[in-house]
Amino acid sequence: MKSGNIAAAEAALRRVSAVKPAEIVFWLAALAAFFLLPGEALLFNEVVITGLFALSLDLVLGYGGIVSLGHAAFFGVGAYAAGLLTTIGVTDPLTGLILASLATAVLGFLTSFLVLRGSDLTRIMVTLSVAVLLKEVANRIPSITGGADGLQGVAPGPVMGVWEFDIFGQVGFGYSLAVTFVLFVIARRFVFSPFGWSIRAVKENQLRTSAIGIPVSRRLVVVYTIAAFYAAAAGALLAQTTQFVSLDVLEFHRSANLMLILVIGGTGYLYGGLIGALLFKFVQDALATATPQYWEFWVGLILVSLVMIGRERIVGLPASILRRLRGAA
Amino acid sequence: MATNLFDGLAYGMLLFVMAAGLSVTLGLMNLINLAHGAFAMAGGYITVILVNRLGVPFFAALPMSFIGAAVIGLGLERTLYVHVYRKSHLEQVLFSIGLVFMAMTAVSYLAGSEQQFIKLPAFLASRFDVLGVSIGAYRLLIIVVCGVLAAALQFVVARTRFGAQLRAAVDDPTVARGLGINVDLVFAATFAVGSGLAGLGGALGAEILGLDPTFPVKYMVYFLIVVAVGGSAGMTGPLLAAVLLGMADVAGKYYLPQFGAFIIYVLMIVVLLWRPQGLFVRAGR
C-alpha cells in the first residue's frame, strides 16, 4: 500500500510531465511551416538550429544552473567535426551528426570537471576561456580547419540515402527539424525522469541535495556532457545544411547571443530556446534591415532593458503563451 | 630577455591600472561586470579624438581620459549599475554584455571600426640602453605612471578614511550604513574612480594594446584573470597578478609564438582548478 502522500506526489509529477495540448500545437505549427512556407526554409533552418543550440544551453543553465559564457565551444567543435567527417569519406549526414556529437560529448565530459566547483565567476571565466582556446586552435591549424578562410569542401551525401540537400534549403530544414524533434523528445523524457528532477534539485540547493544522498558532481557532469552533445548536434546541422564552417561558429558573440535567446524565451522548460530563437530571428532581421552594421547596438539595448525592467514584465504577451506550455506548474 | 621582462612589466602595470576598478567592483562588491573594458575603450577614444582631431597635447589629454571615463562610469553607476548590484549573477552577465554590445557598436558608429593610433610626442618613440637593456621611453612612462597610481591606490585603500569606509561598506553594507557611512556614495565614488583608471589605462595602452571597437571583448578575459588570480585582499594581489600576467603573455608570445595566447588561458584554467574557491574568498572569512 502506498501512503497518500506518495500517491499525491506521483499524481503531481505525472500532471507536470504530461504532454500539454499547446505542445502538440507547437510542433504541428513547426511541421506546417515546413509544408506551407517552402520559400522561408533557409531562414527556418537557421531558427531550428539556433533553437536546438539554445535548448542545449537550457539544459546547462536552466536545469543545471551553470552560467556558461562559452557554449559556442561545443557548437563549433560539433560543426568542425561534422564538416571534417564529410571530407574524409563519412558522407551520410546522420552518421556524421552522431559521430561529431559523440566526439564533442567526450570534450564536454572532460571539461565538465572544470565547471563543477567554484563560483559563478569561475565558471564564466573557465567556459569563456575554453571557447577562446578552441577558437585559437581552429585559427592556428589552417591545414585542417581552413583557418580564417573557413572549412571548404563540406559535402554531405543525401539524408538517409534518399534526400539530397538542395539550394533552397527544403531538405536541410526538414532534416534539421526532424533531428531537433527527436532530440527534443529525448530531452523532455530526460528532464522529467527522476534523474532530471534530481538535477533540478542540484540547481535549487547543492548542499541539501547532497545531504539527501544525490551525488551533485556526477549529476552536473552528466547534464554538461549531454548538453555538449546537443550543442554539437546543432553545430553539425549547421555544417551539413550550409556546407560551410567558419571560425564564426566559435565566436564569443555566438555564446552571448545564445544567452539572450534563451533568456527571451525563458529558461527551465525546454521550449524557451526554440521560442527565443524564433523571436530573436525576427528581431534580428528587422534590426539588420533598419541598421545593417549596427544592429548589435539594439541587441545590447534589449539585454540591458531586459535586466532593468525585468524579464517577466517585458515579455508580457509571450509569457501567457509560455504559461500554457508550462502547464499549471 | 631583460627587454622582454621590461616590456612585460609595462604591459602588466597597464593591465593593473585598467583592472584596478574591477578588482573592487567584482572582487569586493561581487558585481560581475563584463563591461569594464568598455570604460578603458572610452578613455582610449577620448584621447584619440582630443589628440588627433583637436590637437590637444598628449599629456594634457591623459587626465581628460580619466575624467571622461569617470564621468561616464558615474553616470552609468547612478542610473543603471545601482539597480544591478543585488541581482543574480546571470542578470549581471546579461546586463553587462548588453552594455558591451552597445559600447562597441556606438564606437564603431562614431569613430569607424578600424584600429586607431594616437599621435604620440616624438620623444616617447625613442629607445635607450641601460646596462645593456634596451628600454623604450614610452614603456618607461607607462611603468612610472602606473607605478605611482598603484602606490596611491594602495595608500588610499589601506590608510585613508575613505579606504576604511570602502572596506567597511563592502564587508557589510547594512552595518556600515548603521555607522553612518554613506554606502551609496562610497560605491558611486569607487565605481567612478575605477572607471576613470580604466579610461586612463586605455589611453596609455592604446599604443601597445591596439584600440578598436572590439577592445572590451578582446581584453575581457585578461581583466577577469587579474581579479580572479589576484584575489581581493587588497591592491597588492591584483598588482602582482597583473605583472605576472603581463610578463607571461609577452614572454609567451615572444618565445613560443606558435602557442601565443594559449599559455595564458591554460595557466588560468590550471590556477582556477588549483584554487577554485579560495581565489575569490577573502582571507579570514
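In the predicted model, 33 residues of chain A are in contact with 34 residues of chain B. On the side of chain A that touches chain B, the elements giving two or more residues are helix H6 (120–140), helix H12 (252–265) and helix H14 (295–309) of chain A. H6(A) gives the most to this side, with 11 residues. By residue class, the side of chain A that touches chain B divides into 24 nonpolar, 5 polar and 4 charged residues.

The largest nonpolar core has 193 residues, and those with the most contacts inside it are drawn from both chains, namely A:Tyr230, A:Ala232, A:Ala233, A:Leu303, B:Phe16 and B:Val226. The element that gives the most to this core is helix H11 (residues 216–242) of chain A, with 16 residues. When residues up to four places away in sequence are left out of account, A:Tyr230 touches A:Leu52, A:Leu55, A:Ser56, A:Leu59 and A:Leu183.

Taken by itself, chain A has a secondary structure of 16 helices and 0 strands. Its radius of gyration is 20 Å, which agrees with the value near 20 Å that a compact globule would have with 329 residues. Along the principal axes, the C-alpha trace of chain A spans about 60 × 45 × 45 Å, and 47% of the 329 residues of this chain count as buried. Of the contacts in chain A with a separation of 6 or more, 77% are accounted for by residues 24 or more positions apart.

Two loop residues of chain A were examined individually. A:Asp149 lies in the loop between helix H7 (142–145) and helix H8 (170–191) of chain A, and A:Asp149 is classed as exposed because 10 other C-beta atoms lie within 10 Å, where the limit for an exposed residue is 12 or fewer. The C-alpha atom of A:Asp149 is separated by 9.2 Å from that of A:Val245, although these two residues are 96 residues apart along the chain. A:Gln243 has its place in the loop between H11 and H12 of chain A, and its phi is near 55°, a positive value in a residue other than glycine. A:Gln243 counts as partly exposed because it has 17 C-beta neighbours inside 10 Å, a number that falls between the limit of 12 or fewer for exposed residues and that of 20 or more for buried residues.

The secondary structure of chain B comes to 12 helices and 2 strands, which follow one another along the sequence in the pattern α-α-α-α-β-β-α-α-α-α-α-α-α-α. For a chain of 285 residues, a compact globule would have a radius of gyration near 19 Å, and the value of 19 Å computed for chain B agrees with this. The C-alpha atoms of chain B fill a box of roughly 55 × 45 × 35 Å along the principal axes, and 48% of its 285 residues count as buried. Among contacts in chain B between residues at least 6 apart in sequence, those that join residues at least 24 apart make up 77%.

The two strands of chain B, E1 (residues 127–130) and E2 (residues 133–136), pair in the antiparallel sense over 4 bridges. Within this pairing, B:Asp129 of chain B stands opposite B:Ser134 in E2(B). The hairpin of E1(B) and E2(B) has 2 residues between the strands, and in this hairpin B:Leu131 takes a positive phi near 50°.

A positive phi is also found elsewhere in chain B, at B:Asn30, where the angle is about 65° although the residue is not a glycine. B:Asn30 is found in the loop between helix H1 (2–25) and helix H2 (36–53) of chain B, and B:Asn30 is partly exposed, with 16 other C-beta atoms within 10 Å. Helix H8 (residues 183–209) of chain B bends by about 40° at B:Ala203. H8(B) is mostly covered, since 19 of its 27 residues are buried, and this helix is followed by B:Gly210, whose phi is positive, near 85°.

How values were computed
Residues numbered from 1 in each chain as written. Chains lettered and ligands numbered in written order. Predicted model: local features only at pLDDT ≥ 70, side-chain atom pairs only at ≥ 80, totals over all residues. Core = buried A, V, L, I, M, F, W, Y, C linked by C-beta atoms within 7 Å. Contact = placed C-beta atoms within 7 Å. Nonpolar A, V, L, I, M, F, W, Y, C, P; charged D, E, K, R; others polar. Rg over C-alpha atoms; globule rule 2.2 N^0.38 Å. Bend = angle between axes of the 7 residues up to and from the residue. Pairing = 2+ DSSP bridges.
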